[in-house]
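Visitor: Could you walk me through this structure? I am new to it.

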Amino acid sequence: MEFPDLKVPKEKLAEFYAGLNELREFQKKPVLGRCMFWSGACDVPPVGSHLLARSWLERIADNTNHVVQIGFGTENLSNQPAKISSRRVGINNATTFPGFCEKHDNEMFACLERNTFTASPEQLLALRYRSVCRESCAKHQMVGCHLPRALDEAAPPLFVMGIAAEMRRCMLLLTEKQALEAMLNNGSSLASYVVRFGKIPSVLTSATIYPLATFTGRTLEFRQEWVTVSIIPTTTGGWAVFSWSKNLPKNSSLLVKSFTKVPRAFQTEALLNLVFEVSENHAISPTWWEQISDHHRLDLMKRFGRSFTVVGDNRPPADTLLVSAKQWVDWQPVEAGYV
């Protein structure tokens, strides 16, 4: 899927690729150069933490231990426009980020990595905490890379405003991260809604986002409140999990209430619409990706592509998450409810 308007002029190519390489180097840098478990005063450098557990990725990987991810291609921009395409990624590298030292990575997420998922309070907190840490790490890296350019007097105003908005979101995410660490000792104040599947999901994700549209076609007022959406597998099925702060319930509650109104046969499609509209933190089963129709692959890539064109606090169209008239995918939702 190409973006004809995103072809870089030849005279700007060197500058573009220099900035891109700089961003990629920043994406290797941990926040403050150390483990993200700040409440433990840990100053040990982080390892490559998996946002989605390696054991989860194994359940959807092909026989070479690869999963599919959708990405924004920037190769050979002198001769072709930028494009969205699928690529295979090994499960050792998929969804990793410089988050935690080995000790804390093992200890803090043992309830997810070693235990059967039952949507216990400990597991729900761990899911949200790891997602928030990954999102804040990514924001911190991006702001760190682009802030010097935004401070330049010649910087375009829209660019400056965008970086300022991302800096604020980074601060809000880091504040949420600290609140979640406090819950580790003081008890959880999260609200959650979970769906259990009879089939292993074909797409896994864990993303923390602003809810801006509902599954029933309503555009929400812009509010700075986060909902974490995770889709994870078990040995025979899987789960979808929505988690949010009880202190900021408005948009998250509206999003979840709208999901409960989606007929069960279409809930899988509704979740896929959400995942590809809002998240780059995903892993796709190669077998499933190859089996679906060209039409559905293109639709999902278009949804992913729209996330690159949203500027500032613009909201998506009201019908963004609406499902189609005919069922085409089903992970067999078995039961659902608030926990």
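Predicted model: local features only at pLDDT ≥ 70, side-chain atom pairs only at ≥ 80, totals over all residues.

Visitor: What volume does the second largest pocket have?
Guide: The second largest pocket has a volume of about 230 Å³. Its lining comprises 19 residues, and those closest to the centre are Arg59, Thr116, Phe117, Pro233 and Thr234.

Visitor: Which helices and strands supply at least two residues each to that lining?
Guide: The helices α2 (54-58) and α4 (110-113) each do so, as do the strands β6 (190-197), β8 (227-233) and β9 (238-245).

Visitor: And how does the lining of that pocket divide by class?
Guide: Eight residues of the lining are polar, seven are nonpolar and four are charged.

Visitor: Turning to cavities, how many of 30 Å³ or more are found?
Guide: The search of the whole structure finds one. The largest cavity holds about 30 Å³ of space.

Visitor: Which residues line the largest cavity?
Guide: The lining consists of Arg128, Glu176, Trp226, Ser245 and Leu248. By class, two are charged, two are nonpolar and one is polar.

Visitor: Now the helices. At what angle do α8 and α10 cross?
Guide: The axes of α8 (residues 267-278) and α10 (residues 294-306) cross at roughly 40 degrees and come within 6 Å. The angle therefore makes α8 oblique to α10.

Visitor: Which residues meet there, α8 with α10?
Guide: From α8, Leu272, Asn273, Phe276 and Glu277 meet Leu300, Arg303, Phe304 and Arg306 of α10. The residues of this contact comprise four nonpolar, three charged and one polar.

Technical notes:
Residues numbered from 1 in each chain as written. Heavy atoms only, no water. 1 Å grid on protein atoms, 1.4 Å probe; cavity = no way out; pocket = protein on both sides within 12 Å on 5 of 7 lines; lining within 4 Å. Points joined across faces, edges and corners; volume = space filled by probe spheres on them. Helix = DSSP H or I, 4+ residues; strand = E, 2+ residues; numbered from the N terminus. Nonpolar A, V, L, I, M, F, W, Y, C, P; charged D, E, K, R; others polar. Axes fitted to C-alpha atoms, helices over the stretch in contact; angles between N-to-C directions. Parallel < 35°, antiparallel > 145°, perpendicular 65-115°, else oblique. Contact = heavy atoms within 4.5 Å.
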